[in-house]
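Subject: Structure for you to look at

Hello,

Here is the structure I said I would pass on. Please open it first; my notes on what was found come after it.

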Amino acid sequence: MRSDQVAPADYFHKVVDCQWACPAHTPVPEYIRLIAAGRYGDAYMINWQSNVFPGILGRTCDRPCEPACRRGRVEDEPVAICRLKRVAADFKEDVRERMPLKAEKKNGKRVACIGAGPASLTVARDLAPLGYDVTVFDSEPKAGGFMRTQIPKFRLPESVIDEEMSYVLDLGVNFRHGTRIDSLKGVIDEGYDAVFVGTGAPRGRDLDVPGRAEAAAHIHLGIDWLANVAFGHVKKISKRVIVLGGGNTAMDCCRSARRLGGEDVKVVVRSGFEEMKASPWEKEDAMHEGIPILNYLVPKEVKHIDGRLTGMVFEKVRAEYDARGRRSLIPTGEPDTLIECDEVLVAVGQENAFPWIERDIGLEFDKWDMPKVDPVTYRSTIPNVFFGGDAAFGPKNIIWAVAHGHGAAFSIDALCQGRDVDVQPPAKGDFVSQKMGIHEWSYDNDISLQRRLKVPLRDNAVALTDIRVEVELGFDTARALAEAQRCLNCDVDTIFTTPLCIECDACVDICPMDCITFTEDGAESDLRKRLSAPAPNLTQDLYVSSPLKTKRVMVKDEDVCLHCGMCAERCPTGAWDMQKFSIQLPRAGA
Amino acid sequence: MTYLPKPKFRHPSIEKNALGLTHRDYEGSISTLCAGCGHDSISSAIMHACFELDLPPHRIAKLSGIGCSSKTPTYFLGNAHGFNSVHGRMPSVLTGANLANKDLIYLGVSGDGDSASIGFGQFAHSIRRGVNMVYIVANNGVYGLTKGQFSATSDKGAKLKKGAVNTDDAIDLVTMAIHLGATFVARSFSGDKKQLVPLIKAAIDHKGPAFIDCISPCVAFNNHDGSTKSFDYVRAHNEAVNSLDFITERAPIMADYDPGQTQQVKLHDGTSILLRKMNADYDIHDRVAAINYLMKHDVAGEIPTGLVYLEDEPGDMHDRLNTVDRPLNELTDADLVPGSAALAKINAGLR
């Protein structure tokens with residue numbers, strides 16, 4: 001893409017790789033700068049505005065921002081964005097005073113949110129301060145949904161959940177806990193102006209192999225088992241445990257099992273290790289706790305003696321890819337593997353289930369039995385019923401649920417205020433020069449050479465004995481500062497003003513990354529071949545000026561720009577300036 | 001001046017030369033010249049030329065006098081030898097250094113004040129003596145360090161920033177250099193690296209006095225309307241006689257050129273210069289015609305650039321002095337002192 005072919009707000013939003021990759025578009029560099037400045041409360045509030053659950057996400061987020069981080073292309077590893085978020089949550093002062101006030105006057109519109117997970121609570125957070133009368137229903141006694149029941153306490157302490165739930169519920173949200181909704185029609189009939197369904201993907205996929213039924217007493221569905229662990233219904237497990245599945249739930253299962261008496265815990269996956277769905281760091285954490293991950297093994301049979309589980313038989317497979325890159329698992333022909341065990345946890349996937357939604361109320365389902373939901377407005381085929389989180393598009397993770405919640409709240413607000421739900425306003429960008437003096441910028445443009453810091457962990461000897469002891473200790477403030485300084489401030493953009501340029505080449509000469517070229521204009525594919533340094537990364541855009549006096553254009557490859565501001569410092573005419581970009585996305589009430 | 005050092009990170013797929021060095025290994029410390037100074041572009045061109053020629057930085061000596069231009073050697077080739085001499089005395093120091101160790105590559109970096117005023121005689125004699133060097137003048141037509149008075153290369157009629165008009169004639173260093181016997185003479189422009197880098201490469205390869213007059217706009221004091229050394233003026237009046245590629249065996253030029261418009265000049269060491277002629281009648285080997293051409297275009301207010309004059313079989317000071325092949329600084333007492341027997345023989349011859 002070329003900068004001259006797209007709206008500035010969209011172009012520069014994409015330059016902030018982390019913010020662009022974040023489903024909730026959290027302004028990452030902005031809060032990292034605040035962390036570096038020791039302003040943890042401010043950093044927390046910026047997060048809270050965007051992603052609602054900074055303390056929870058700072059421990060559990062799937063971090064789509066980190067693989068996108070420009071630092072990962074400049075050196076090996078991205079900034080530890082996720083754990084810096086936790087720093088903001090850990091070291092903030094009391095922020096309760098800074099939360100929005102309860103609406104003084106209700107606006108007369110009633111909204112029902114079904115399920116008290118991240119999606120519903122985001123809807124409630126966005127709408128309640130605007131005067132909406134928001135009621136959140138959940139079958140459990142406490143809010144949080146899967147964040148509370150599925151994520152083990154050694155990763156996410158209950159106190160963090162309680163705190164961040166209260167920030168939302170204290171906005172004047174009517175929380176009807178312990179209330180299971182058995183009929184969507186019933187809710188609709190209560191005359192709400194809008195209904196939001198955020199009920200997650202609550203059903204664990206099961207295994208269908210010989211012996212499964214007979215040994216059922218020793219085989220548990222992962223998500224149900226984790227919930228039972230979370231509520232204290234399950235306090236121990238046998239010594240030899242097999243966890244089936246390669247996702248993050250499987251990682252939570254195996255690590256929980258290690259803490260409940262499992263001494264010989266193994267994870268067995270069908271796919272190869274690399275293709276596992278679990279995040280790399282969650283796999284690392286599991287292996288760090290002495291849990292082997294065995295791959296390319298497909299469950300074939302459950303072995304038991306009169307219903308007492310003795311082991312599982314697996315067929316060895318290898319991956320083959322067809323011309324279109326689709327994988328199939330082909331048996332290798334080697335003898336089957338028997339792994340002895342006493343209990344099995346099945347974490348091979350989750351499914352949506354809507355037995356409580358009547359099929360004759362006008363809500364259409366697709367061929368996978370998922371409700372038809374508009375991916376932008378989150379509206380179903382009933383005009384005032386919206387979906388979000390896992391309930392809308394299947395299992396994802398918390399940050400996606402938050403993003404859906406923001407989007408749905410915007411649509412609900414539009415609906416209730418009589419605007420066209422299907423019209424999305426364009427994002428607005430704001431640019432502020434960071435120039436303070438000839439060589440002074442209001443951001444720290446000195447590029448740190450610090451490598452990525454590891455988060456200190458509690459010793460296994462302690463961590464593995466108590467399932468409620470948090471494993472990660474989090475960064476201390478000194479480490480947080482060092483890690484924060486690794487951020488390249490990608491939101492401080494190099495802005496070029498063509499008429500001011502005298503084509504002196506100073507920026508070309510000084511750029512440490514050879515990003516800038518002055519050359520004859522051409523199509524993007526042609527330009528990419530004529531730049532100072534190779535520009536093979538097509539996901540990164542070219543910043544192209546209008547023609548200069550010599551009829552050439554300035555082309556800057558965004559790929560590995562350090563945002564160090566050297567071009568602007570060496571520019572004699574101010575044609576280059578470093579300007580902080582911020583974006584206002586469509587949000588309810590904004 | 002820039003306060004922060006240039007970040008250490010470099011492009012992940014940055015090109016390396018035969019020595020395994022990147023162009024960033026040819027950098028010096030960060031420039032303290034004004035932002036946008038043409039001199040920084042010349043420094044950059046020198047770095048790129050040395051990088052492309054695979055030159056080990058420690059085999060290069062960079063010498064300069066006083067002035068903005070003479071500050072620049074600090075900003076390139078941090079691993080080369082350097083000498084900041086007295087104002088205008090760079091040519092003498094360079095000549096001496098070259099006499100002592102002819103194996104180094106000598107880069108003399110000077111300015112219009114340093115070479116056309118206080119060091120004019122030094123400039124003349126180093127060229128007249130045929131010192132094997134690259135003599136680059138970063139020519140901006142003003143004394144930048146003293147806030148922009150006219151220098152000796154300012155054109156008659158040119159205006160200062162505040163309106164004062166130059167009433168004196170300008171010294172044209174290119175004409176002077178040809179006249180004094182330089183065997184490689186070029187003029188270029190800091191704003192045109194495509195022309196400048198190959199010129200510096202060819203000049204470094206040239207054995208003999210190679211002179212490059214490089215117009216280098218002073219953005220602080222001489223880049224306004226009425227200046228004849230501003231970016232806009234030079235771009236508007238640039239009359240390039242040719243542009244060139246410097247061809248080594250390692251990096252042959254693959255592009256096809258129109259044979260009527262190109263001329264390959266083979267050099268003694270197997271390298272060659274591929275000239276793309278802008279002016280079909282211009283002969284770079286004709287010294288008299290070159291001076292004629294320069295003066296004619298000067299009168300017309302044009303600025304001829306490119307390789308203006310080249311002598312194919314140049315010689316240098318060491319050839320003229322018939323020195324030994326080994327650098328003089330490597331000669332030991334055993335080489336230099338003939339011994340008492342030889343002395344006795346000489347004495348006997350005088351008796």
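A residue is called buried here if 20 or more other C-beta atoms lie within 10 Å of its own. By that count, 49% of the 590 residues of chain A are buried. Please keep in mind that this is a predicted model.

Chain A first. Its secondary structure consists of 22 helices and 24 strands. The radius of gyration of chain A is 26 Å, close to the 25 Å from the globule rule for 590 residues, so chain A is as compact as a globular protein of that length. The C-alpha trace of chain A spans about 85 × 65 × 50 Å along its principal axes. Among the contacts in chain A with a separation of 6 or more, 73% join residues 24 or more positions apart.

Next, the interface. On chain A, 29 residues are in contact with 24 residues of chain B. Helices H7 (71–74), H20 (506–510) and H22 (566–570) of chain A each supply at least two residues of that side. The chain A side comprises 17 nonpolar, three polar and nine charged residues.

Last, a helix pair in chain B. Helix H6 (residues 173–180) of chain B packs against helix H9 (residues 287–299) of chain B at an angle of about 165°, and their axes are 10 Å apart. Angles over 145 degrees count as roughly antiparallel, and H6(B) and H9(B) are therefore roughly antiparallel to each other. The crossing of H6(B) past H9(B) is left-handed. Residues in the contact include Val174(B) and Ile178(B) of H6(B), and Ile291(B) and Leu294(B) of H9(B). By class, the contact of H6(B) with H9(B) has six nonpolar residues, two polar and one charged.

Regards

Note on methods
Residues numbered from 1 in each chain as written. Chains lettered and ligands numbered in written order. Predicted model: local features only at pLDDT ≥ 70, side-chain atom pairs only at ≥ 80, totals over all residues. Helix = DSSP H or I, 4+ residues; strand = E, 2+ residues; numbered from the N terminus. Rg over C-alpha atoms; globule rule 2.2 N^0.38 Å. Buried ≥ 20, exposed ≤ 12 C-beta atoms within 10 Å, placed from the backbone. Contact = placed C-beta atoms within 7 Å. Nonpolar A, V, L, I, M, F, W, Y, C, P; charged D, E, K, R; others polar. Axes fitted to C-alpha atoms, helices over the stretch in contact; angles between N-to-C directions. Parallel < 35°, antiparallel > 145°, perpendicular 65-115°, else oblique. Left-handed = near helix turned anticlockwise from the far one by under 90°.
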